[in-house]
Amino acid sequence: MAQAQMTYLDPREMPATDIYKIMTGIVVPRPIAWVTTISRTGVVNLAPFSSFTFVSHSPPMLAIGVDTKPDGTGLKDTARNILETQEFVVHIADRSLLPPLHASAEEYPTEISEIEVLGLRTLPASRIGTPRLADAPVAVECRLHRCIELGTGPTRLFIGEVQCFHVRDSLLAAGKIDTALLDPISRLAGPHYATIDQILPGS
């Protein structure tokens, strides 16, 4: 087999916007943390983040990466709210929630709640003050464990310690979540998303 031609890219010679395009095309698909936070004045913010993973299970911890605003005017509402209240809720969206998930990525004024604009329902959280989405199949209440600044932006990596899980009853079997039934939305490069249409066995 002939060796494929490869393009050499040096990030030291690339603008940050081009690096972002390459990285979001390589690291795919990415799970999406659909995050609610609340401001000191009581405005509930909702935004999706695909720089997201779990980093510990004992105790359980999740991590999300939040950049500064694209226009360079400072912290995104999610980052500011987490730093002020020390809490947030991570939701996993299924296929039916893709339209509001995508719409919630827009930049709204700080005093405007994306939840109200999009007509979404919330429920009180069990262990923290930030409400959770009523229609998300999974909601994970978190308290801030640590914030780490990365890069020149900087990006803030928020590590949250899980306080409790809310999982739709139909998704649980023998203590495990049925991924096919969860039908999670994941992120690709550009304005594109994916679902899991085929699950392959490991052996």
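W34, L97, L120, R121, L133, A134, D135 and A136 line the largest cavity of this predicted model. A cavity here is a set of points, on a 1 Å grid over the protein atoms alone, where a 1.4 Å probe fits but cannot get out, and lining residues have an atom within 4 Å of a point. The lining divides into six nonpolar residues, no polar ones and two charged. The space in this cavity comes to about 40 Å³, and the count of cavities of 30 Å³ or more is one.

Residues are numbered from 1 along each chain as its sequence is written. Local features need pLDDT of at least 70, side-chain atom pairs count only at pLDDT 80 or more, and totals for chains, interfaces and linings use all residues, while side-chain values use heavy atoms, with hydrogens and water left out.

Turning to the strands (DSSP E runs of at least two residues; paired if DSSP finds at least two bridges between them), β9 (residues 138-150) pairs with β6 (residues 87-92) in the antiparallel sense over six bridges. Within this pairing, V138 is the bridge partner of I92. Strand β9 also runs antiparallel to β10 (residues 155-167), joined by 12 bridges, and R143 stands opposite E161 in β10. Four residues separate β9 and β10 in a hairpin, where G151 in the turn has a positive phi of about 75 degrees.

Helix α2 (residues 77-85) has D77, T78, A79, N81 and I82 as its buried residues, buried meaning under 20% relative accessible area with a 1.4 Å probe, protein chains only; helices are DSSP H or I runs of at least four residues. These buried residues pack against β2, β3, β5, β6, β9 and β10, with contact meaning heavy atoms within 4.5 Å. After α2 comes Q86, with a positive phi near 65 degrees.

How values were computed
Buried < 20%, exposed > 50% of the residue type's maximum accessible area, 1.4 Å probe, protein only. 1 Å grid on protein atoms, 1.4 Å probe; cavity = no way out; pocket = protein on both sides within 12 Å on 5 of 7 lines; lining within 4 Å. Points joined across faces, edges and corners; volume = space filled by probe spheres on them. Nonpolar A, V, L, I, M, F, W, Y, C, P; charged D, E, K, R; others polar.
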